[in-house]
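Dear colleague,

I am handing over the structure below for your attention. My notes on what was found in it follow directly after.

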Amino acid sequence: MGVLEIAKGMGVTLGKLFQKPVTVSYPEQRATLQPRFRGRHVLTRHPGTGLEKCIGCSLCAAACPAYAIYVEAGENDPHNPHSPGERYAKVYEINMLRCIFCGLCEEACPTGAVVLGNEFEMADYRYPDFVYGKEDMLVGVEGSRPQRREAAAKGESVRLGFRVEGGPRPELEGVTYPQ
Amino acid sequence: MPDWLAAALITLLKSTVVIVALLTGFAYMTLVERVLLGRFQLRYGPNRVGPFALLQPLADAIKSIFKEDINVTLADKLVYTMAPIISVTFALVAFGGIPAGPAHSLFGENPWVYNLDAGLLVLLAMTSMGVYGIFLGGWASGSKYPMLGGLRSSAQMISYELSMGMSLLGVLMLVGSTNFQDIVYWQAHNGWLLLFQGLAFVIFFISAFAETNRAPFDLPEAEQELVAGFLTEYSAIKWALYQMAEYISMFTASAMMVTLFFGGWKGPQLLNAIIPGVSEWPIIWLIVKMAFFVFLFIWVKASILRIRYDQLMRLGWKLLLPLALFNTMLVAFYLAFVGGVQKVPGLYEYHKTGWGLWPLGLLSLLCLLAWLALGDRSRGLFNKAHPVRGEQASVARAGGD
């Protein structure tokens, strides 16, 4: 390393000093995610009828390597069905602390009901709050539990801290993320 | 109030002001360094605590003070506690001798804490004492990494003290005094010593980086190789004291470079035409010039990689020390046979003898350029890759250094 090289290197660093930082100031600015980023699960519905796609088969729970999913099936009322099949998920819980976001549940699902979305801001204080139920994951629910709790306390709408380049995947029917 | 008491109180007040200024300077220096390093790396650096992160140093201070101060069982308690205090004390003491303006210019008082005829020697002695803090800290930690780190650091600092001191001999011979005021006035009349001692300045500059443990010579706290060297077992406020000592010695090194080579506290004479007497204002010019060097310290840290320890030692002993000696001989020869300036006794006036000073400046510059130009080719003389057991030798050579 000669003197010229040192001078060249110092010149490079000095040039960087006057460039705009590439940092995304995350909580204020939105982080950019790719559509295939695996985040919080979404339980989707059939677009026409609005029925839940989940038929309570528990295949996702069987496929889950982290044993994070608990499904309890119930019989559908023929006059007022939750899902198009015979049964539906009476209880559908995912423990977000156990979940490793591998996406095997999505692959195992025969009806495409459970799909990994892009939300990732799920930090919370208490263990029980990390067990997400149907009411936290069904399509149309925006934000994680702590986000919705905070938004409700402040009387504002949930603000997601990210945007998805090119919009969410087609599997996430009915889900909208900031672009 | 008797005169001596008044003088003592004023000196006490001045030293308090200097200490407070240095400690505040250190606190904000850490902020400036982090922001600048961030910007060098296309990041923002700290920007959360207060407007422009101006409260960040305060937050850091609170954190350092209230952090658990871990006491090592095997440590020699007294020395372990004293070592950082020694470090920071001598760093502070060293700065007091730097003059920040002409006599009686600061509300009728002298803008320095002490002014000794042996000023430069005292300053060198005080900065050298910093090695005790490091070595004792490493030894007293009662653990192996700090011990190794302390040994390496003291070896490094002692080695570079030689070339640092030697490079200043030329300055001393030219000026004929070790008093900082004399050196500043000499430069005010004859031009900055940088012009006549370019070679010496570069040697001093490089040595100052090694002496203050800054990148690329920050081996004493080499995180990757030695955990953190002598700092390994230190935490909380003791650790902060070491940091303080490091930054203050950086200030001192900058102030030394300014005072010895860049005209000291004197401002540019040109500005006197706009605001009369502006070049004589105390403190401000010293700080402006120091800020440049402090920025340079940070810039170099952001740009140049840490060098290997054996390279560091070879550079110090086999290149800088001989060059400093050569510079000493050059100046001595020049002053004895060619020319120089002669001080009028009792006055800050000088008259030329022989060829004056400019040929020396030219010689020094030529030597410096020759050194820089031959840098790559002459490396084999001082930085040979020793053949180590067959294949490794070729690896060592291919690795280059």
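In helix α12(B) of this predicted model, the buried residues are Trp285(B), Leu286(B), Lys289(B), Met290(B), Phe293(B), Val294(B), Leu296(B), Phe297(B), Ile298(B), Trp299(B) and Val300(B). These buried residues pack against elements of both chains: α1 (3-17) of chain A, and α1 (3-40), α3 (77-95), α9 (198-211) and α11 (236-261) of chain B. The length of the helix can be checked as well. Helix α12 of chain B runs over residues 284-303, and at 1.5 Å a residue its 20 residues should span 28 Å. The C-alpha atoms at its ends are 29 Å apart, which agrees with that expectation.

Helix α12 of chain B also takes part in the second largest pocket, where it supplies at least two residues of the lining. The space in this pocket comes to about 1100 Å³. Its lining is made up of 39 residues, and those closest to the centre are Phe26(B), Thr30(B), Trp239(B), Gln243(B) and Tyr247(B). At least two lining residues each also come from α1, α2 (56-66), α10 (223-226) and α11 of chain B. Of the contributors, α1(B) gives the most, with nine residues. Domain 1 (1-66) and domain 2 (72-397) of chain B each provide at least three residues of this lining. Sorted by class, the lining holds 19 nonpolar, eight polar and twelve charged residues.

The largest cavity has a volume of about 320 Å³. Among the 25 residues that line this cavity, Gly130(B), Met157(B), Glu211(B), Ala245(B) and Ser249(B) lie nearest its centre. The helices α3, α4 (119-140), α5 (144-167) and α11 of chain B each supply at least two residues of its lining, and α11(B) has the largest share, with eight residues. The lining of the largest cavity divides into 14 nonpolar, eight polar and three charged residues.

One residue of chain A deserves a separate note. Is Asp136(A) buried or exposed? Asp136(A) has a relative accessible area of 3%; buried means under 20%, so Asp136(A) counts as buried. Asp136(A) is placed in helix α4 of chain A, which covers residues 134-137. Leaving aside residues up to four places away in sequence, Asp136(A) touches Arg40(A), Val131(A), Val141(A), Arg145(A) and Arg148(A).

With kind regards

How values were computed. Residues are numbered from 1 along each chain as its sequence is written. Chains are lettered from A and ligands numbered from 1 in the order in which they are written. This is a predicted model: local features need pLDDT of at least 70, side-chain atom pairs count only at pLDDT 80 or more; totals for chains, interfaces and linings use all residues. Side-chain values use heavy atoms; hydrogens and water are left out. Helices (H or I, at least four residues) and strands (E, at least two) are DSSP runs, numbered from the N terminus. The expected span of a helix is 1.5 Å times one less than its number of residues. Buried means under 20% relative accessible area, exposed over 50%, partly exposed in between (1.4 Å probe, protein chains only). Contact means heavy atoms within 4.5 Å. On a 1 Å grid over the protein atoms alone, a cavity is a set of points where a 1.4 Å probe fits but cannot get out, and a pocket is an open set with protein on both sides within 12 Å along at least five of seven lines; lining residues have an atom within 4 Å of a point. Grid points are joined across faces, edges and corners, and a volume is the space filled by probe spheres set on the points. Ala, Val, Leu, Ile, Met, Phe, Trp, Tyr, Cys and Pro count as nonpolar, Asp, Glu, Lys and Arg as charged, and the others, Gly among them, as polar. Domain bounds come from an automatic or database domain assignment.
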